[in-house]
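This briefing covers pockets, cavities, domains and sheets. The structure is shown first, and the notes follow by topic.

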Amino acid sequence: MTAPAFSRQGLARRAYPLTGLSVAIAVTFLAFLVPAPWGPVSLYVASIILVALAGVGRAIRQALVVCLPLWLFLFVLHGLLGGGPKIDLGLFALSADGANAALAQAGRFGAIITISLGFYRAFDPSRFLNAVAARGWPMHFSYLFVATLHALPAFVQRAATSIEAQRTRGLRFSGGVFGRTRAVVPLALPLILGALAEVDDRAHALEMRAVAKGGKRTPIDPPTDSWPDRAVRWTLWITVVALVVWRFVR
Amino acid sequence: MSDVKFDGVSFRYPTGPADVLRDLSFAPRAGEITWLFGPLGAGCTTVLLIAAGLAPRHTGGSIGGSVSVLGHDPQATETALAGQIGFVTATPQLQLSGIAGTVWEEVAFTPANLGWPIERIRPAVDRALEELAVEHLSRRKPGTLSGGELQRVVIASMSVLTPKVWLLDEPATALDASGRALAYQLFRMQADHGATVLVASEDVEALALVADRLVVLRDGHPVLDGPPKTLLAGDAIWDEGPGSTAVAALAREAGRMVESSRFAAPYPITVEEGVARWR
């Protein structure tokens, strides 16, 4: 069993759980609705600030690691291989239209990945479950949502245990690409088979613990949905709807 | 009186070549700890899964005969008899909700799912934590506990329901000596208060002292049924496969080497009994 991945520092501790979820979803929509290229880029900057304020700054670094290869690919694809007027930069010529497109896509990816990882790291399963229970959400749906988010850290910890176990049995994970690739099978196989073997036991336990019973769950110490939280959520959704209308009506 | 009844039950897993249970008829009595014991593959765990309503619903397979738990057919109910049965297995980490932030919330998880009012949940959780001596862990994250602590928390998360039926599959495997003593003391107390406690376990040394009735299964069929102290002291339990306590094994082996009434059946099954006989 793994420790929960959530952090309860900064804004994440104070905000109502559905506010974080709303921000993550709204940013995903907004990334495609705001005018490119500077809209998505600004959204990315805003996402970085929000995630830092939430007290989960590590998500910014992780998002950067995920984004860098994507950005490089976008730059080559659109900036170097793109058509239209070119800007001569000495060593290479940059497509002006392509650079704009690459910037817009890079901003979208950056914003979505940063805000999603920030939400994931700030997510507190227990607070979320209590919040949605207080709102009368069905237990099946809430549990499925929470357990899905919670499965990843458990899987990562299991992988770490599996690596240690295989190391003690002489499997080497260092070396070149070939050596590492060869080590993947003895690592992944027990990991996947072990996870599958546990599915039955976990399903039995959860059924005995009334997860499948349906009906309303009693919230235990539900978090308060304050007016600033509600204001943030309403503002976000109104903005999304307004931008959708603007996009399709203009 | 019995809350759990098996009548001519047979069961086969979907991939199994033969029936795991064959014509199984027995009824653990309320107020008693009934101990299911048998060699590997005897069907003890399957009995518990069927009583819980998890087999064949979750496991697949085919079942024959009739089963009654708390007056219901566990197969006919839409979900397992959650909240009425205390179900504990040997793998505590797989029985956790996986989403509780603290031990207190973990124990409160099932009552909350059942929709108990919060005024009922709070004292029930506090009592269960106290019973298992884990109240000092109440604010810890479940993921940071040791295996033994986790198992206590899992038992507490069932004890909170004060179930009428306990189905226990190797419930003390992860526990240290003091944890085992505490857990069996709790099960004893539950039985004394009228609960039906059905344990499938190879923990011979502990259950020899705490169980009221021993049912030995072999190839999915009961072959011995009686008081544990009588059955464990005899030769039949060795003939049927599972064996007995270490002291009984010692006496039996000694009896093979030395012809003496001091080593003849009925064998002593505890250290105290051995000392009393061989002193």
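**Pockets, cavities, domains and sheets**

The lining of the second largest pocket comprises 21 nonpolar, five polar and six charged residues, where Ala, Val, Leu, Ile, Met, Phe, Trp, Tyr, Cys and Pro count as nonpolar, Asp, Glu, Lys and Arg as charged, and the others, Gly among them, as polar. This is a predicted model, in which local features need pLDDT of at least 70 and side-chain atom pairs count only at pLDDT 80 or more, while totals for chains, interfaces and linings use all residues. Residues are numbered from 1 along each chain as its sequence is written, chains are lettered from A and ligands numbered from 1 in the order in which they are written, and side-chain values use heavy atoms, with hydrogens and water left out.

**Second largest pocket**

- The second largest pocket holds about 600 Å³ of space; a pocket is an open set of points on a 1 Å grid over the protein atoms alone, with protein on both sides within 12 Å along at least five of seven lines, and lining residues have an atom within 4 Å of a point.
- Grid points are joined across faces, edges and corners, and a volume is the space filled by probe spheres set on the points.
- Its lining has 32 residues, and A:Ala15, A:Thr19, A:Gly20, A:Val23 and A:Ala54 lie nearest the centre.
- Two or more lining residues each come from helix 1 (10–14), helix 2 (17–33), helix 3 (38–53), helix 5 (96–122) and helix 9 (227–249) of chain A; helices (H or I, at least four residues) and strands (E, at least two) are DSSP runs, numbered from the N terminus.
- Helix 2 of chain A gives the largest share of this lining, seven residues.

**Largest pocket**

- The largest pocket has about 940 Å³ of space.
- Of its 34 lining residues, A:Ala151, A:Ala154, A:Glu198, A:Arg202 and B:Leu94 lie nearest the centre.
- Both chains give elements with two or more lining residues: helix 7 (139–168) and helix 8 (177–208) of chain A, and helix 2 (92–95) of chain B.
- With 15 residues, helix 7 of chain A provides the largest share of the lining of the largest pocket.
- By class, this lining has 17 nonpolar, twelve polar and five charged residues.

**Cavities**

- There are three cavities of 30 Å³ or more in the structure; a cavity is a set of grid points where a 1.4 Å probe fits but cannot get out.
- The largest cavity contains about 90 Å³ of space.
- Its lining includes A:Ser126, A:Leu129, A:Asn130, A:Arg217 and A:Ile220 from chain A, and B:Ile99, B:Ala100, B:Glu105 and B:Phe109 from chain B.
- Helix 6 (125–134) of chain A and helix 3 (103–113) of chain B are the elements that give two or more residues to this lining, and helix 6 of chain A has the largest share, three residues.
- Five nonpolar, two polar and two charged residues make up the lining of the largest cavity.

**Domains**

- Chain A is assigned domain 1 (11–128 + 223–249) and domain 2 (137–213); the bounds come from an automatic or database domain assignment.
- The centres of these two domains of chain A, taken over C-alpha atoms, are separated by 30 Å.
- Seven residues from domain 1 of chain A and seven residues from domain 2 of chain A take part in the contact, where contact means heavy atoms within 4.5 Å.
- Chain B is assigned domain 1 (1–84 + 163–179 + 187–226) and domain 2 (98–162), with 24 Å between their centres over C-alpha atoms.
- In chain B, the contact takes 15 residues from domain 1 and eleven residues from domain 2.

**Three-stranded sheet of chain B**

- Three strands of chain B form an open sheet in the order 2-1-4 with antiparallel pairing; two strands pair if DSSP finds at least two bridges between them.
- Strand 2 (21–26) and strand 4 (62–69) of chain B are at the edges, each with a single partner strand, so one side of each has no neighbour in the sheet.
- Strand 1 (residues 4–12) and strand 4 of chain B pair over seven bridges in the antiparallel sense, and B:Ser10 stands opposite B:Gly64 in strand 4.
- Helix 1 (residues 44–51) of chain B packs on this sheet, touching strand 1, strand 2 and strand 4, and its direction makes about 115° with that of strand 1; axes are lines fitted to C-alpha atoms, for helices over the stretch in contact, and angles run from 0 to 180 degrees between N-to-C directions.

**Six-stranded sheet of chain B**

- The open sheet of six strands in chain B has the order 5-6-7-3-8-9 and mixed pairing.
- Strand 5 (85–88) and strand 9 (221–226) of chain B are its edge strands, each pairing on one side only.
- Strand 3 (residues 33–37) and strand 7 (residues 196–200) of chain B run parallel and are joined by four bridges.
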